[in-house]
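Please study the sequence and the structure before reading each solution.

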Amino acid sequence: MHQGSLDLTLDQITKIEGHATLALKVREGKVASLEFSIAEFKRFYTKAVRGKSIIATPQLVARICGTCSNAHLLCSIKAIEASQGIVVSEQTRLLRQLLNHGLIIRDHGLHLYLFALPDLYNRDSLLSFDENNPEEHELIHDAFAVKESGNQLSIWAGGRSVHAPMPTLGGFLKLPQEGGQQALIAKLQEIRPRVLKLINIFSDCPFEQKEQFSFSGLQGENYDYLEGNIVASDGTRISARDYGGHLERVVIPYSQAAGYRFKGSVFMVGALARINLSKDQLHGNTKRD
């Protein structure tokens, strides 16, 4: 930590899926204030979908994001199905999981390789990696191979890697073509060693950040992203349907984003929360490796 005093402002933070700013004040070696702002403007989707057909709504809200659109799509579909008492087949559940797995692979590849990895190599971006350096050359190609495998899985399951057109209320408009899955399985198996190599790189990272966080996340039988109950660090377990009733909305005056507290406290969701809460649900091969 810097031992003196300083003011630091970053107006163009682009190593996230979006745009952000940071204002930091340090006084005599201690952080006096820190304001992290999501600077993208509100898009008023909650107003835009009012009065629209429930069949059309999932594809409308998928446009919230051009990267993680399939997450918004599946979330909307599941919310509407829950409101209408629609129960889907096991085939539909599995295809939705595969579509979401494609998203997870592609988005984690984007974040870890393109946004975070350059910092470990003291580079401004992946484009600054040295093609003549064997390690860096290999990592560039790893990044695109991993992202491509996630894209292909989403395309196979949902018809497109972003804004998948096939998922709909109650099922799929069109099922994947038979025969394509064997090549896809081979592609996914081929990237596995690359992913394990990346995990080792981050495991050996020379710096760390320690904070006290309460975690909250969805927990199912098989490290699920779409089914299960909400669990928290303190052992709280609630129905996903009741999650909203435990959230307190907080206005962040310097940011376009809304904030939330869970049971009155700041909490973390997402990949880190999920793995801390659901290690026991990981696939056997993942536990082994």
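**Exercises on salt bridges**

**Exercise 1.** Determine how the side chains of Arg106 and Asp107 meet, and state whether these residues are buried or exposed.

*Solution.* The model is a predicted one. Step 1: in this model, Arg106 and Asp107 are joined by a salt bridge, with an N to O distance of 2.9 Å. Step 3: both Arg106 and Asp107 are buried. A search of the whole structure gives 15 salt bridges.

**Exercise 2.** Describe the pair formed by Glu90 and Arg93, and classify the exposure of each residue.

*Solution.* Step 1: the closest N and O atoms of Glu90 and Arg93 are 2.6 Å apart, and the two residues form a salt bridge. Step 2: both belong to helix H4 (residues 90–120), where they are three residues apart, or about one turn of the helix. Step 3: Glu90 has a relative accessible area of 46% and is partly exposed. Arg93, with 24%, is also partly exposed.

**Exercise 3.** Which parts of the chain does the pair of Lys197 and Glu138 link?

*Solution.* Step 1: Lys197 and Glu138 form a salt bridge whose closest N and O atoms lie 2.6 Å apart. Step 2: the pair links distant parts of the chain, as Lys197 is in helix H6 (residues 181–203) and Glu138 is in helix H5 (residues 134–158), 59 residues apart. Step 3: Lys197 is partly exposed at 27% relative accessibility, and Glu138 is partly exposed at 41%. Step 4: through salt bridges that share partners, Glu138, Asp142, Glu190, Arg194 and Lys197 are joined into one network.

Key: Residues are numbered from 1 along each chain as its sequence is written. This is a predicted model: local features need pLDDT of at least 70, side-chain atom pairs count only at pLDDT 80 or more; totals for chains, interfaces and linings use all residues. Side-chain values use heavy atoms; hydrogens and water are left out. A salt bridge is a side-chain nitrogen of Lys or Arg within 4 Å of a carboxyl oxygen of Asp or Glu. Helices (H or I, at least four residues) and strands (E, at least two) are DSSP runs, numbered from the N terminus. Buried means under 20% relative accessible area, exposed over 50%, partly exposed in between (1.4 Å probe, protein chains only).
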